[in-house]
Amino acid sequence: MRRVTDRLEEGACVLVFAVMTLVAFVNVVTRYLIQYSLAFTEEIVVSLFVWLTLLGTAVAFREGTHLAFTFLVDRAPRPARWAALGLSTALSLALFLALIWFGLLQIQNERLLGTTSEALAIPQWWYTAGIPVVGVLVVARILQGAWRAARRLDR
Amino acid sequence: MTEPGLLLFGLFFLLLFLGVPILTAVGIPALVFLWTFGLGIQVTAANVYANIAKFPLLAIPFFILAGFVMERAGLSRGLVNLLNMIVGPVRGGLALVAVGGCVFFGAISGTGPADTAAIGTVMIPAMVRRGYAVGFAAALVAAAATTDVLIPPSVAFVVYGVITETSVSRLFAAGVVPGLLMGLALVVPAVAIARGRGWGGESWGTPRQIARAAWDAKWGLIAPAVILGGIYGGVFTPTEAAVVAVMYGLFVGMVVYRSLGWRDLYAIFLDAAVSTAVVMIVVAFAGLFSWTGSTLGVMDRAAQGLLGLSENPYVILLLLNLMLIVAGMLLDAISVYYVFLPILLPLLKRFQWDPVWFGVMMTVNLAIGTVTPPVAVNLYVASNIARTPIEEVARWAVPFVLALAAALLLVVYVPALSLWLPDLLGVR
């Protein structure tokens with residue numbers, strides 16, 4: 001069970017990326033063979049791209065591999081490093097909680113206005129839903145990553 | 001009232017120096033300013049979504065994936081083997097092979113770290129076996145892999161093209177000569193140091209062996225032709241070329257070499273997905289940051305401020321390059337594009353600089369940033385492969401950084417180096 005929850009978004013990353021690659025490749029082939037671009041595939045790939053970005057962001061938070069300038073912090077005394085970890089965690093949490101909140105507002109608007117996507121004419125909020133849904137996962141991984149970093153600092 | 005721009009940028013740099021992840025260090029100031037100035041914070045989610053969901057940006061995940069596939073499939077091994085038989089035996093020959101390998105693999109992969117890993121895993125152990133200092137080997141590969149950022153395909157050019165609405169195909173073509181120039185510039189100190197220390201190479205290959213090695217390396221040799229030929233033959237857009245490169249690499253790795261199994265595939269897709277996300281989430285929030293800055297009018301005023309320093313374009317160019325070198329030491333290329341380009345674009349208009357040449361200049365700067373500590377991704381990858389402390393690698397990197405800086409000066413003051421090839425090819 002532990003393994004499953006730990007690897008949840010990893011499997012999702014691979015699946016989403018594989019589908020993106022396949023759909024994009026089929027689009028290249030069809031465009032070349034029948035001189036006709038399947039515009040709706042573009043829409044699918046681009047929106048999966050947003051999901052992929054957020055899923056991978058969650059993994060990177062857990063592993064602590066997001067880009068950061070840690071040169072100064074790594075050389076600071078221990079209390080300062082604790083403070084920096086606390087600050088990073090609090091601000092990253094605030095950022096993604098805000099993103100989830102505004103994502104939900106966006107969905108509410110899109111449903112109210114009945115906005116549909118350009119090519120497939122499906123409700124736009126199906127795509128936007130990726131932001132709050134995967135956003136919750138990101139928030140969980142920020143906490144998990146902070147916990148891991150704290151245990152390393154403790155040693 | 002104080003200038004809000006100073007606060008916006010000040011908060012960003014403060015958070016950056018405190019070790020806050022870059023995505024948060026750009027995202028939080030953006031949110032704070034959207035909130036305080038009532039600029040419509042409710043568009044946050046839509047803005048973040050739109051910053052990622054751009055079709056041209058799709059070239060990024062696919063070129064990153066292609067780089068991982070070709071590296072793990074072992075395409076670089078055959079290339080290095082061939083180069084080794086041609087130039088390896090001369091004194092300092094392995095240094096030449098390392099540079100040549102990086103430049104050639106640059107035409108297959110789209111990022112510097114991928115190139116460092118692909119060539120480094122083969123060349124660093126090989127050079128150490130022949131008596132080269134391990135720090136030298138790691139620093140040389142890391143420095144030579146900076147050419148990958150200039151030699152098409154290039155993830156950095158995709159982002160620059162999207163932000164400035166410049167043709168990515170034209171940028172790709174413009175990067176070729178400067179990329180080769182950087183490679184040549186590196187050969188000088190590399191061979192000089194290797195000769196001075198009496199570091200050698202392998203034995204010469206017979207014509208028969210060379211022909212055999214070339215045949216063995218054929219899949220790696222034709223990969224750039226497939227990718228770049230596709231783009232310049234007018235067959236593919238850069239994004240499509242990236243998708244085709246992925247499929248080509250998968251075909252070679254799974255069917256021809258049989259070096260990739262399903263399990264490897266899972267790891268490759270996962271690693272490429274996370275590498276992509278790390279880039280794209282910065283794109284998402286840095287886009288929000290620069291949108292906030294532009295809406296506040298900060299970017300225009302900053303540009304005016306820069307112009308106030310001097311009206312002489314050469315002086316401004318020098319200042320810009322110093323600024324970019326420092327920015328490249330602290331930040332990755334993508335963040336620099338999003339944070340600084342809105343300030344620089346008014347200057348381009350004012351001095352009527354060619355945006356393609358300007359993009360090449362900026363990208364050479366930021367490529368050098370990947371081997372200048374404290375933030376130096378290529379050095380980190382190389383020091384990991386070499387299992388040598390980063391400080392040791394950084395010490396050996398000094399002559400290479402100077403050589404790259406010399407190449408940069410040429411690119412800055414001779415725009416024809418960048419513009420000759422795209423004009424010759426007639427790429428728009």
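1. In which loop of chain B is B:Pro153 found? B:Pro153 sits in the loop between α9 (147-150) and α10 of chain B, and the structure in which you can look for this loop is a predicted model. The peptide bond that runs from B:Pro152 to B:Pro153 is cis, with an omega near -5°. As background, most peptide bonds are trans.

2. A cis peptide bond also joins B:Pro373 and B:Pro374, where omega is about 5°. To locate B:Pro374 in the structure, follow chain B to the loop between α19 (355-369) and α20 (377-386).

3. The backbone angle phi deserves a careful look as well, given that most residues other than glycine have a negative phi. B:Glu165 is not a glycine, yet its phi is positive, at about 55°. B:Glu165 belongs to the loop between α10 and α11 (168-196) of chain B, and with a relative accessible area of 75% B:Glu165 is exposed, because a residue counts as exposed when that value is over 50%.

4. B:Arg387 also has a positive phi, of about 50°, although B:Arg387 is not a glycine. Is B:Arg387 buried or exposed? Its relative accessibility is 76%, and B:Arg387 therefore counts as exposed. In the chain, B:Arg387 lies in the loop between α20 and α21 (390-413) of chain B.

5. Turning to the overall build of chain B, a reader will find 22 helices and zero strands. The radius of gyration of chain B is 22 Å, close to the 22 Å that the globule rule gives for 428 residues, so chain B is as compact as a globular protein of that length. Taken along the principal axes, the C-alpha atoms of chain B fill a box of roughly 75 × 45 × 45 Å.

6. Of the 428 residues in chain B, 62% are buried, and the chain exposes about 15,400 Å², of which carbon and sulfur atoms supply 67%. When the contacts in chain B between residues at least 6 apart in sequence are considered, 80% of them join residues at least 24 apart.

7. Chain A has six helices and zero strands, and its elements, read from the N terminus on, run α-α-α-α-α-α. Why is chain A described as more spread out than a compact globule? Its radius of gyration is 20 Å, which is well over the 15 Å that the globule rule gives for 155 residues, and chain A is therefore more spread out than a compact globule. Along its principal axes, the C-alpha trace of chain A spans about 65 × 35 × 35 Å.

8. Buried residues account for 47% of the 155 residues in chain A, while the accessible surface of this chain comes to about 8,300 Å², with 67% of that belonging to carbon and sulfur atoms. Among the contacts in chain A with a separation of 6 or more, 76% are between residues 24 or more positions apart.

9. The second largest pocket holds about 400 Å³ of space. Of the 17 residues that line this pocket, the closest to its centre are B:Ile163, B:Ser290, B:Trp291, B:Ser294 and B:Pro342. At least two lining residues come from each of α10 (155-164), α15 (262-296), α16 (298-309) and α18 (333-351) of chain B, and α18(B) gives the most, with six residues. By residue type, the lining of the second largest pocket divides into nine nonpolar, five polar and three charged residues.

Notes:
Residues are numbered from 1 along each chain as its sequence is written. Chains are lettered from A and ligands numbered from 1 in the order in which they are written. This is a predicted model: local features need pLDDT of at least 70, side-chain atom pairs count only at pLDDT 80 or more; totals for chains, interfaces and linings use all residues. Side-chain values use heavy atoms; hydrogens and water are left out. On a 1 Å grid over the protein atoms alone, a cavity is a set of points where a 1.4 Å probe fits but cannot get out, and a pocket is an open set with protein on both sides within 12 Å along at least five of seven lines; lining residues have an atom within 4 Å of a point. Grid points are joined across faces, edges and corners, and a volume is the space filled by probe spheres set on the points. Helices (H or I, at least four residues) and strands (E, at least two) are DSSP runs, numbered from the N terminus. Ala, Val, Leu, Ile, Met, Phe, Trp, Tyr, Cys and Pro count as nonpolar, Asp, Glu, Lys and Arg as charged, and the others, Gly among them, as polar. The radius of gyration is taken over C-alpha atoms; the globule rule is 2.2 Å times the number of residues to the power 0.38. Buried means under 20% relative accessible area, exposed over 50%, partly exposed in between (1.4 Å probe, protein chains only). Contact means heavy atoms within 4.5 Å. Accessible areas come from the Shrake-Rupley method with a 1.4 Å probe; for residues, only the protein chains shown count as cover.
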